[in-house]
Protein chains: 2
Amino acid sequence: MKNATFYHAGCPVCVSAEESITTVIDRDRYDVEIVHLGEARERIAEAESKGVVSVPALVVDGQTLHINFGASMENVKG
Amino acid sequence: MKNATFYHAGCPVCVSAEESITTVIDRDRYDVEIVHLGEARERIAEAESKGVVSVPALVVDGQTLHINFGASMENVKG
């Protein structure tokens, strides 16, 4: 199994993207971890280190995919 | 099988996103059509009607997911 991480901040755009991504991704090959950066604030630095500049974003196979636009990381950090 | 459509314009961001999306998506449940709007210009209106405002974008399950940013549809239309 490979890992995929979906970072979000609970925004409507995030919720919609989460539903789509967790539906289409092949769960037989990928473990998908959902991380709410508004709650798990200690993981903001980790997300930024992976190149996440806005949420929602999916990090998978070494790629960072920003999916639509909910909020910038600056807004997430408040 | 459900259909998913990946619209792109051949840009580097598009190619990278295409690799990621076509890798992670569950091919047992989704038929993925790749549409190069720079070549299939007759499908630009179709993409816009689905809410695509930039490429690359994935339309799946009634949702339009803009994945990173390669080019605006205005640029694609030239």
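# Reading strands, charged pairs and a chain interface

Biologist: Which residue of β2(B) is the bridge partner of Y7(B)?

Modeller: The bridge partner of Y7(B) in β2(B) is V35(B). Before going further, note that this is a predicted model, in which local features need pLDDT of at least 70 and side-chain atom pairs count only at pLDDT 80 or more, whereas totals for chains, interfaces and linings use all residues. Residues are numbered from 1 along each chain as its sequence is written, chains are lettered from A and ligands numbered from 1 in the order in which they are written, and side-chain values use heavy atoms, with hydrogens and water left out.

Biologist: How many bridges join β1(B) to β2(B), and do the strands run parallel or antiparallel?

Modeller: Two strands pair if DSSP finds at least two bridges between them, and strands themselves are DSSP runs (E, at least two residues), numbered from the N terminus like the helices (H or I, at least four residues). Here β1(B) is joined to β2(B), residues 30-36, by 7 bridges, and the two run parallel. β1(B) also pairs with β3(B), in the antiparallel sense and over 4 bridges, with A4(B) standing opposite V60(B) of β3(B).

Biologist: How many residues of strands β1 and β3 of chain B are buried?

Modeller: Burial is read from relative accessible area, where buried means under 20%, exposed over 50% and partly exposed in between (1.4 Å probe, protein chains only). In β1 of chain B (residues 2-8), 5 of the 7 residues are buried, so the strand is largely enclosed by the rest of the structure. In β3 of chain B (residues 54-60), 7 of the 7 residues are buried, so β3 is likewise largely enclosed by the rest of the structure.

Biologist: Is F69(B) buried or exposed?

Modeller: F69(B), which is found in strand β4 of chain B, counts as exposed, at 52% relative accessibility. Taking contact to be heavy atoms within 4.5 Å, and not counting residues up to four places away in sequence, F69(B) touches V13(B), S54(B), V55(B) and P56(B).

Biologist: What of R29(A) and D26(A), whose side chains meet in a salt bridge?

Modeller: Their N and O atoms are 2.9 Å apart; R29(A) counts as partly exposed at 33% relative accessibility, whereas D26(A), at 8%, counts as buried. Also in chain A, a network of salt bridges links E33(A), R43(A), E46(A) and K50(A).

Biologist: Which residues are in contact with R43(B), leaving aside its neighbours within four places in sequence?

Modeller: They are E33(B), V35(B) and L37(B). R43(B) lies in the loop between β2 and α2 (44-49) of chain B. The side chains of R43(B) and E33(B) make a polar contact at 2.7 Å, a term for a pair of N or O atoms within 3.5 Å; within protein, one must be able to donate a hydrogen and the other to accept it, and residues adjacent in sequence count only if both atoms are side-chain atoms.

Biologist: How much area do chain B and chain A bury between them?

Modeller: Buried area is the accessible area (1.4 Å probe) that two parts lose on being put together, summed over both. For chain B and chain A it is about 1,500 Å², 50% of it on carbon and sulfur atoms. V24(B), L65(B) and N68(B) lose the most area on the chain B side, together 34% of what that side buries. The interface brings 18 residues of chain B into contact with 18 residues of chain A, with 0 salt bridges between the chains but 10 residue pairs in polar contact, both residues at pLDDT 80 or more. On the side of chain B that touches chain A, α1 (12-24) and β4 (63-72) each supply at least two residues.

Terms used:
Salt bridge = Lys/Arg side-chain N within 4 Å of Asp/Glu carboxyl O.
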